[in-house]
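Please look over the chain shown here. A short report on its fold, packing and selected residues follows the display.

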Amino acid sequence: MTQKMNTYEESTYISKDADNIKGNKKRILEMDVCRALAAIAVIVIHTSAFTLSGIKDKGSELYYITLIINQLARFSVPAFVFISGVGLALSYKKNTNYFKFEFKRLSSVIPEYLIWCFIYLYIISNNKNFSTWPSLILSGDRAYYHFYFVPMIVKLYILFPILYTVMKKKTGLLISFLITAGILTTGHYYNIPDLTLDFYSKRNILFWIFYFSLGIYASQYLYTYIGKLKRHKIFMSLLFVVCTFFIIMESIHGLLEGKTTDYYTTFLRPSIIAYSLSAIILIFSLNYRNNLLFKFFKSISDKSYVMYLAHPSILYYYMKWAKEANMPLGSIFFLISSTIICICGTLLIGMIVEKIKLLIFSNNY
């Protein structure tokens with residue numbers, strides 16, 4: 001009787017739209033909300049970063065507020081990597097042909113990436129030195145600052161079948177944690193004078209392998225974990241508050257110590273592991289309903305990859321217009337308006353891309 005009660009309690013915590021867990025093609029609401037919030041947070045990181053760069057007085061109230069907002073959004077890329085690990089693990093079958101599996105996954109990532117590389121290199125950066133393009137595209141962030149994510153996630157996709165076998169075990173997960181924590185610690189505190197070595201660039205998968213591995217590990221008992229989190233949401237909320245306070249104080253300490261902006265705002269510091277995990281856990285511990293707000297999140301979730309690729313282009317042209325209009329970048333108005341414009345603009349681009357895909361695939365049948 002107790003076992004039946006526990007099973008029922010856990011099932012009620014998962015929405016009736018529950019996800020594509022082996023053989024189930026429905027969705028987990030928590031996954032969509034996490035992905036949507038991560039997409040919004042990535043945009044906030046970049047709009048707040050330009051706002052920070054435009055504020056002359058680093059001791060001003062506006063600078064501190066913007067810095068806090070920037071830090072609150074730092075769970076974004078770890079959350080994306082975690083969800084990627086979960087999603088791949090849920091859809092993977094051991095008898096799947098490796099090349100078919102990789103082709104399906106990479107074909108959903110690389111073509112759009114190449115199109116946007118062309119847009120950023122040729123149109124925005126006006127780079128007509130085509131001989132440099134292959135190396136720029138392969139590196140990612142040398143083509144444009146946010147592109148480090150794509151080569152990094154592609155490498156993890158390629159390694160996934162190996163990681164899937166190893167990271168389902170606690171020992172494998174522990175090893176991945178020690179790798180990520182180790183490189184974050186050495187990179188942030190001991191890579192003197194700063195993060196100049198290419199090994200310590202954000203595209204290095206060692207910075208992110210723990211989040212990906214955690215997603216693989218969590219996928220095995222996802223229903224159970226979500227159920228347990230929802231029974232302890234107050235504790236999860238307190239944990240998030242503590243971790244948030246710590247990374248904000250750490251960032252402010254770096255500011256007061258005279259460190260560079262990149263040093264005290266970056267993803268690549270050990271404390272972001274704890275903060276990101278607390279944010280992901282909190283998101284999964286909350287209850288969601290299939291209402292209007294969720295439909296908005298679902299729309300963002302479905303278009304999150306396009307939003308990630310496209311938003312710096314909208315931000316670029318908005319900043320260009322703002323400078324011509326003598327609008328100060330270091331203002332709360334710029335921060336709010338640029339964030340809203342980037343979210344709405346990329347959602348629109350995402351809708352257009354969806355329509356184009358429908359037309360292409362419908363013509364193939």
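## Overall make-up

This is a predicted model. The protein chain has 17 helices and 0 strands. Its 365 residues are 51% buried.

Taking contacts in the protein chain with a separation of 6 or more, 78% join residues 24 or more positions apart.

## The nonpolar core

The largest nonpolar core holds 115 residues. Six of them touch the most other members: Val-81, Phe-147, Phe-149, Leu-156, Phe-160 and Trp-208. Helix α2 (residues 29–54) gives the largest share of this core, with 14 residues.

## Val-42 in helix α2

Val-42 lies in helix α2. Is Val-42 buried or exposed? Val-42 counts as buried because its relative accessibility is 3%, and the cut-off for buried is under 20%.

Which residues does Val-42 touch, not counting those up to four places away in sequence? They are Ser-76, Val-77, Phe-80, Tyr-308 and His-311.

## Helix α4 against helix α14

Helix α4 covers residues 76–91, and helix α14 covers residues 271–285. The two pack at an angle of about 60°. Their axes are 9 Å apart. The crossing of α4 and α14 is right-handed.

On the α4 side, the contact is made by Pro-78, Ala-79 and Phe-82. On the α14 side, it is made by Ile-272, Ser-276, Ile-280 and Phe-284. By class, the contact of α4 with α14 has 6 nonpolar residues, 1 polar residue and no charged residues.

## Helix α10, covered along its length

Helix α10 (residues 209–219) is mostly covered, with 11 of its 11 residues buried. Among the buried residues of α10 are Ile-209, Phe-210, Tyr-211, Phe-212 and Leu-214. The buried residues of α10 also include Ser-213, Gly-215 and Ser-219.

What do the buried residues of α10 pack against? They pack against α4, α8 (149–166), α9 (170–190), α11 (222–231) and α14.

## Exposed positions on helices

Phe-235 is placed in helix α12 (residues 233–256). Phe-235 counts as exposed because its relative accessibility is 52%, and the cut-off for exposed is over 50%. Ser-285 is 50 residues from Phe-235 in sequence. The two are 9.9 Å apart in space, C-alpha to C-alpha.

Leu-348 has its place in helix α17. Its relative accessibility is 51%, so Leu-348 counts as exposed. Lys-303 is 45 residues from Leu-348 along the chain. Their C-alpha atoms are separated by 9.5 Å.

## Loop residues

The loop between α16 (304–324) and α17 (332–363) holds Ser-331. Asn-326 lies in the loop between α16 and α17 as well. Are these residues buried or exposed? Ser-331 counts as buried because its relative accessibility is 14%. Asn-326 counts as exposed because its relative accessibility is 69%.

Ser-331 is in contact with Thr-51 and Leu-62, leaving aside its neighbours within four places in sequence.

The backbone of Asn-326 also deserves a look. Asn-326 is not a glycine, but it has a positive phi of about 60°. Asn-126 is another residue other than glycine with a positive phi, near 55°. Asn-126 is placed in the loop between α6 (110–124) and α7 (133–139).

Methods
Residues numbered from 1 in each chain as written. Predicted model: local features only at pLDDT ≥ 70, side-chain atom pairs only at ≥ 80, totals over all residues. Heavy atoms only, no water. Axes fitted to C-alpha atoms, helices over the stretch in contact; angles between N-to-C directions. Helix = DSSP H or I, 4+ residues; strand = E, 2+ residues; numbered from the N terminus. Left-handed = near helix turned anticlockwise from the far one by under 90°. Contact = heavy atoms within 4.5 Å. Nonpolar A, V, L, I, M, F, W, Y, C, P; charged D, E, K, R; others polar. Buried < 20%, exposed > 50% of the residue type's maximum accessible area, 1.4 Å probe, protein only. Core = buried A, V, L, I, M, F, W, Y, C linked by side-chain atoms within 4.5 Å.
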